[in-house]
Amino acid sequence: MAGLDSRAGGGHDGAMIGKRILLVVGGGIAAYKACELIRLLRKAGADVRCVLTEGGAQFITAMTLAALSENPVHTSLWDLKDEAEMGHIQLSRQADLIVVCPATADLIAKMAAGISDSLAATLLLATDKPVLAVPAMNVRMWQHEATRRNVARLRADGVTMIEPDEGPMACGEYGPGRLPDPEAIVAAIAAHFAAHFAAMPGVAGRLAGRHMLVTAGPTHEPIDPVRYIANRSSGRQGFAIAGALAALGARVTLVAGPVALATPPGVDRIDVETARDMAAAVNAALPADGAILVAAVADWRVEPAPTKIKKRADGSPPALALAENPDILAGLAADPRRPALLVGFAAETNDVIAHATAKRARKGCDWIVANDVSGDVMGGADNSIHLITAAGTESWDRAAKGTVAARLADRIAAHFESIA
Ligand code: CTP
């Protein structure tokens with residue numbers, strides 16, 4: 001099932017993996033569309049945290065947003081518990097992008113005037129992060145001179161404003177003012193991240209001319225035609241690393257286990273299913289200057305039955321004989337075509353640094369990125385990282401997968417610059 005993925009290079013959705021989006025839901029009938037937006041953003045790999053305005057809460061509940069985003073929802077500037085857990089300044093600082101959707105005439109006016117009389121308005125004033133607003137309102141409100149002035153002011157201030165759609169409105173009128181489809185909003189957000197990457201000063205080209213090989217995701221080991229052994233890896237950390245390396249100008253081959261993630265911009269993706277497929281695809285992609293093996297490869301496989309295994313009349317379970325899978329990382333370390341920089345990952349629940357240091361020696365790689373999964377981080381939005389190299393151990397602050405990816409890509413670029 002190995003083969004070049006047709007999605008490679010299409011769209012910018014992969015630019016969203018590991019990004020933190022703070023979604024401000026304003027008070028308009030279009031607020032219900034925020035639900036679908038959250039679902040699509042999360043599907044594209046983003047972490048979404050919501051702020052619900054008082055008006056927004058008239059149309060949609062905090063419970064709905066919390067359930068869809070799987071994050072607490074923030075509603076009030078004066079909530080002591082919220083403030084103690086994450087203050088409003090922190091809330092805006094932690095985001096990679098603030099999306100205001102729907103952006104009502106009232107919110108737009110407050111943003112333009114710098115009014116901070118609510119949690120949403122305050123964090124929009126307190127932030128230094130990019131803001132993208134998706135207006136939705138009655139056609140006359142949208143066309144009113146006051147709104148025209150405010151929208152022009154916000155554009156001049158650097159806010160990305162998405163044009164509303166034209167069509168029949170909930171209020172019975174017809175014209176511009178409808179919230180665009182959530183798919184179109186996601187595309188605009190993804191384009192924002194892709195453009196942001198490309199425009200980062202001093203970034204483009206640091207890895208130009210280098211070939212980087214990345215593995216990501218789980219592997220599936222079939223038991224029979226309908227069952228398989230798998231693990232909880234989401235693939236997001238590996239995809240984010242592939243994207244970050246491509247953003248630095250590297251040619252990136254991403255060998256991906258079965259995950260439903262979009263391909264980051266500029267990355268060549270090869271989809272595989274089993275550990276042996278992954279090993280073969282990695283070998284076929286050599287030579288490479290660097291290999292970053294992030295995949296959670298299944299340690300064992302079974303010899304799959306050719307037809308579905310049926311339950312037995314006597315109730316006895318079938319015995320699955322496990323065979324060890326090839327160790328791709330150790331194999332690359334011993335290969336005459338070994339990449340100059342070989343980086344392994346280690347997800348550990350205890351004695352993280354000791355286990356990871358031993359793993360580095362055992363597998364013969366240059367660096368180990370040790371991920372502390374004691375707090376059930378696998379599949380989550382953040383990673384707690386220790387980078388183990390010949391020079392020692394560096395512990396990084398717990399960060400979003402996108403941030404970890406950018407930091408690792410920066411370290412890799414610095415490594416190649418130092419040996420150039
Ligand atoms: N890895 C690999 N091939 C395998 C198993 C692991 O390439 N068959 C790579 C992973 O991609 C990762 C590193 O080896 O970069 C460590 O993976 P991990 O599962 O933590 O290591 P294990 O060999 O399974 O060690 P242990 O069971 O002792 O934790």
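**Backbone features, pocket and ligand**

Pro287 is found in the loop that runs between helix H11 (275-285) and strand E15 (290-293); helices (H or I, at least four residues) and strands (E, at least two) are DSSP runs, numbered from the N terminus. The peptide bond joining Leu286 to Pro287 is cis, with omega about 5°. The model is predicted: local features need pLDDT of at least 70, side-chain atom pairs count only at pLDDT 80 or more, and totals for chains, interfaces and linings use all residues. Residues are numbered from 1 along each chain as its sequence is written, and side-chain values use heavy atoms, with hydrogens and water left out.

**Other backbone features**

- A cis peptide bond also links Cys101 and Pro102, with omega about -5°, and Pro102 belongs to strand E5 (residues 97-103).
- Glu70, a residue other than glycine, has a positive phi near 55°; Glu70 is located in the loop between helix H2 (62-69) and strand E4 (73-74).

**Largest pocket**

- The largest pocket holds about 1100 Å³ of space.
- On a 1 Å grid over the protein atoms alone, a pocket is an open set of points where a 1.4 Å probe fits, with protein on both sides within 12 Å along at least five of seven lines; lining residues have an atom within 4 Å of a point.
- Grid points are joined across faces, edges and corners, and the volume is the space filled by probe spheres set on the points.
- The lining comprises 40 residues, of which Ala295, Ala296, Val297, Asp299 and Phe345 are the closest to the pocket centre.
- Strand E18 (341-348) is among the elements that each supply at least two lining residues, and E18 contributes the most, with four.
- The lining has 18 nonpolar, 14 polar and eight charged residues; Ala, Val, Leu, Ile, Met, Phe, Trp, Tyr, Cys and Pro count as nonpolar, Asp, Glu, Lys and Arg as charged, and the others, Gly among them, as polar.

**Ligand surroundings**

- The ligand is surrounded by 14 residues, each with a heavy atom within 4 Å of it; Leu293, Ala295, Phe345, Lys359 and Lys363 are the closest.
- In polar contacts (pairs of N or O atoms within 3.5 Å), an oxygen atom of the ligand lies 3.1 Å from an N or O atom in the side chain of Asp299.
- A polar side-chain atom of Arg362 is 3.4 Å from an oxygen atom of the ligand, while a polar backbone atom of Ile328 is 3.0 Å from a ligand nitrogen atom.

Note on methods:
Polar contact = N/O pair within 3.5 Å; in protein donor to acceptor, adjacent residues only side chain to side chain.
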